[in-house]
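Please keep the coordinates open while going through them.

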Amino acid sequence: MELHKESSISCSSAAEGYLIDKMNEIKIFSPATVANVSCGFDVMGFCLDNVGDEMVIRKIDKKGIFITHIEGFDLPYKTELNVAGVSALAMYDTLDVDFGFEIEIYKNIKPGSGIGSSAASAVGSVFGMNELIGRPFDKTQLTEFAIKGEALASKCEHADNLAPALFGGFTLVKSVAPLQVLEIPTPDDLYATIIHPQIEIKTSESRAILPKQVDLSDAITQWANLGSLIHALHTGDYDLIKSSLNDVVVEPHRSKLIPLFDKVKTASIDAGALGAGISGSGPSIFTLSKGQEQAEKIKEVMQNIYTVTDIDFDIHVSKINTEGVKILN
């Protein structure tokens, strides 16, 4: 697909003057993500490789954004009430075009799972639209559109799930206004193991239980952990990754909402995981490991703990996805 001249979101007619590709339909994979990564609350995230939604975006003659098909979970068809629709509208409103888009959603990430379900929807729609009109927007601009959809689900604008879904790998959101996303290197042998207990914790509800003030000593510890984690990822220092994956601000509060969290975390680290924490707002729990063999071992540990309960669960082992959202056809 030919890449045309650059554009700015501030333009009143972002697509005006662009050669529209002859392709009228695109199928994409929009990946799940892990946000916060223990010490990086609301600013850090990484992308998963084998868990995600599929979406079909189609250019049509009728003006507007229309959600025409949803599979997997019961989500609203009304554009203004659907995360994918809201992000698509944010982008569409900057365009001066005489056509519209249809969106089909094949939802594989359960809403409220803590692995970026809403972010996958928000990212998928704008990524697909952008491809169909010749890619006038860069990844940062697409993230800005997607933030509007994410805000519908979480009741605030943040990009720690959106950025890794679009950029791939590890990302750090330096600021939201103006939006600045930093791409962080991913060590070659880093794997994630994620367990998703089949209970729902809404992002908006999990944010409500967080303290309004943080002790200075805890803030200093958190800053040091985040800084050292960024350094560890840049240098491939797995021991430093292990000592940095510690959250003293958010996890003590949110972990109370997740059954067996402390047991899973302790057992995973004892079995060799580099660290464990809450994925996003929960209830999913993530671990990072050096090597796939170790990640698979952690999967067994998690499975043994939850098998004796009456809680259904899914477990995923994934290499860190450095590509992000991608075209399937």
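1. Which residue in β9 does Y191 stand opposite? Y191 faces S289 there, where helices (H or I, at least four residues) and strands (E, at least two) are DSSP runs numbered from the N terminus. This is a predicted model, in which local features need pLDDT of at least 70, side-chain atom pairs count only at pLDDT 80 or more, and totals for chains, interfaces and linings use all residues. Residues are numbered from 1 along each chain as its sequence is written, and side-chain values use heavy atoms, with hydrogens and water left out.

2. Strand β7 (residues 190-197) pairs with β9 in the antiparallel sense over six bridges, pairing requiring that DSSP finds at least two bridges between two strands. An antiparallel pairing over seven bridges also joins β7 to strand β10 (residues 313-319), with I195 opposite I315.

3. Eight of the eight residues of β7 are buried, that is, under 20% relative accessible area, with exposed meaning over 50% and partly exposed in between (1.4 Å probe, protein chains only). L190, A192, I194 and H196 lie on one side, and Y191, T193, I195 and P197 on the other.

4. P283 sits in the loop between β8 (275-278) and β9 (285-290), and counts as buried because its relative accessibility is 0%. Leaving aside neighbours within four places in sequence, its contacts (heavy atoms within 4.5 Å) include I195, H196 and P197. P283 and F261 are 22 residues apart in sequence and 8.8 Å apart in space, C-alpha to C-alpha.
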